[in-house]
Structures are given as C-alpha cells and as structure tokens.
Amino acid sequence: LAYTDFLALLVSDEVARREQKKFTSRLRRAQFRTTKTLDQFDFDRLPHLNRSLVHDLATGRYLSEKAPVLIVGPCGTGKSHLAQALGHCAVRQGVDVVFTTCASLTQSLNAARATGSYERKLATLARVPLLIIDDFGLKPLRAPADEDLHDLISERYEQASTIVTSNLDFPEWDQAFPANRLLASASLDRLRHNAYCLVLD
C-alpha cells in the first residue's frame, strides 16, 4: 500500500468515524422511544396506505419545503412507528430531530413558564428542523396548554417541518381545543397548510 493511499485511508476512516459520532449524537438528542425504521414497517398490513408518498417523504423533500406531515389512524396502525421512521431518515440525512408526545410537550412548556424560561424553551423548540408531536388530541388541551401549542405551531409555521400523529380523523382535530375554537381554527389552519397527509386504516 502506497504511503499516499495509506494517508487517504486514514482520512477516510476518520471522516467516517466523525460522521458516525454525529449521527449517534443526533439520534440521542431526538429522544425516540425506540429505533423504528421504514425497513421494519409492515406496509402489507395497510394496503390503502399511500406507499409512494411515504417513500417520497423518506427522501426529506418536505424538510426543505418546511412542510408539515400529518398522520392519522386508529390505535395500533403504526402511526408512531411511521413518524419515528421518518425522523430516523431525517437524522441519517444530518437533520436535528426532536420526538415528543403532545402531553409531554405542553407539560414541558408549562414547566418552563413556572421557572421563567418559557420564551427560551419556545424559541428552542421553534428552531428544531424537525419536531415530531405524537398523540395529538389524545387528551383535550386545556389552558394554558392550548395557547402554548398554538404559539409553537405559529412560530414553526413555514419555518420548519412538524410531523403530527393523531387517533382523531382530520375533521375531528378541533376537538383537541374544546375551550377555544378560535385557537383551534388558527392552529389547525397553519398545520394543514401545504401539509402531506397520511391515513393509516
């Protein structure tokens, strides 16, 4: 092996090592529940699922468009799996991702308000290139959770991509904001604008 080839091999190994370290760090920060990938997703269980759209989303084009992805379906159809799999694809593409449930998200924002760090927490979440919100609408949003979620959606609107999963059908999403229909309308209009929609049934 020539000396120049040996040096090239060393450099290549070092680059690969650093990239793997970055990937591992991004994966840890994403806080996925488990490592779910598209390879593990059972498409055969869902013959009506738009498989071509799923694979298109896996390329990350929606991230450059800063478009939302909305995933709905009954319990057990694989919404969380699919959302995390798309997040995993994004991590592999070098994108920072944060995965959270809707309940945990609103609780963390409320806790930040109690410590005087709400604006900083909101700004941090608003800047995440891909935010995945699981289980939207599982529990009704009460004040101040409904306002907090609206603020976050507004801050991210056309600035960064958000993936949202829900057991509720799209026409039922306003039920998540039972106390404030105006907030529901404003929030959902922003989420639905230019969104890619996947129905798992």
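Phe 136 and Phe 177 are both buried in this predicted model. The relative accessible area of Phe 136 is 2%. Phe 136 belongs to an aromatic cluster that also takes in Phe 170, Trp 173 and Phe 177. Across the structure, five aromatic pairs were found. Phe 136 is part of strand β3, residues 130-136, while Trp 173 sits in the loop between β4 (161-166) and α8 (181-192). The pair therefore ties together parts that are 37 residues apart in sequence. Trp 173 has a relative accessible area of 0% and is buried.

The pair of Phe 136 with Phe 177 is also tilted. Here the centres are 6.2 Å apart, with 50° between the planes. Phe 177 lies in the loop between β4 and α8, and Phe 136 in strand β3, so this pair links parts 41 residues apart in sequence.

Ser 166 is placed in strand β4. What lies around this serine, leaving aside its neighbours within four places in sequence? Ser 166 is in contact with Ile 71, Val 72, Gly 73, Lys 79, Phe 136 and Trp 173. Phe 136 and Trp 173 are members of the aromatic cluster. A polar atom of the Ser 166 side chain lies 2.7 Å from the backbone oxygen of Phe 136. The backbone nitrogen of Leu 168 is 3.0 Å from a polar atom of that side chain. Ser 166 has a relative accessible area of 1%, under the 20% cut-off, and therefore counts as buried.

Ser 187 is buried, at a relative accessible area of 0%. Its side chain has a polar atom 2.8 Å from the backbone oxygen of Leu 183. Beyond its neighbours within four places in sequence, Ser 187 is in contact with His 150, Ile 153 and Phe 177. Phe 177 is one of the residues of the aromatic cluster.

Two arginines are placed over tyrosine rings. The charged end of Arg 113 is 4.5 Å from the centre of the Tyr 118 ring and sits over that ring. Arg 190 lies over the face of Tyr 157, with 5.9 Å to the ring centre.

Val 54 is found in helix α2, which spans residues 51-58. Its relative accessibility is 0%, so Val 54 is buried by the under-20% criterion. Which residues touch Val 54, apart from neighbours within four places in sequence? The contacts are Leu 38, Phe 43, Leu 49, Leu 82, Leu 86 and Leu 198. Between Val 54 and Ser 80, the C-alpha to C-alpha distance is 14 Å. These two residues are 26 residues apart in sequence.

At the level of the whole protein, the secondary structure consists of eight helices and five strands. From the N terminus, the order of elements is α-α-α-β-α-β-α-α-β-α-β-α-β. The C-alpha atoms fill a box of roughly 70 × 50 × 25 Å along the principal axes. The protein has 201 residues, and 46% of them are buried. Among contacts with a separation of 6 or more, 84% join residues 24 or more positions apart.

The protein is divided into domain 1, residues 1-29, and domain 2, residues 31-199. Their centres, taken over C-alpha atoms, are separated by 33 Å. How many residues of each domain are in contact with the other? Five residues of domain 1 contact ten residues of domain 2.

An unreviewed UniProt entry lists residues 65-197 as "domain: AAA+ ATPase". Over residues 65-197, the chain is 47% helix and 18% strand. The end C-alpha atoms of this stretch are 15 Å apart.

Technical notes
Residues are numbered from 1 along each chain as its sequence is written. This is a predicted model: local features need pLDDT of at least 70, side-chain atom pairs count only at pLDDT 80 or more; totals for chains, interfaces and linings use all residues. Side-chain values use heavy atoms; hydrogens and water are left out. UniProt positions are given in the numbering used here, feature names are shortened, and annotations may be inferred rather than shown by experiment. Helices (H or I, at least four residues) and strands (E, at least two) are DSSP runs, numbered from the N terminus. Rings of Phe, Tyr and Trp (its six-membered ring) pair if their centres lie within 6.5 Å; planes under 30 degrees apart count as stacked, over 60 as edge-to-face and the rest as tilted. Buried means under 20% relative accessible area, exposed over 50%, partly exposed in between (1.4 Å probe, protein chains only). A charge sits over a ring if NZ of Lys or CZ of Arg is within 6 Å of the ring centre and within 35 degrees of the ring normal. A polar contact is a pair of N or O atoms within 3.5 Å; within protein, one must be able to donate a hydrogen and the other to accept it, and residues adjacent in sequence count only if both atoms are side-chain atoms. Contact means heavy atoms within 4.5 Å. Domain bounds come from an automatic or database domain assignment.
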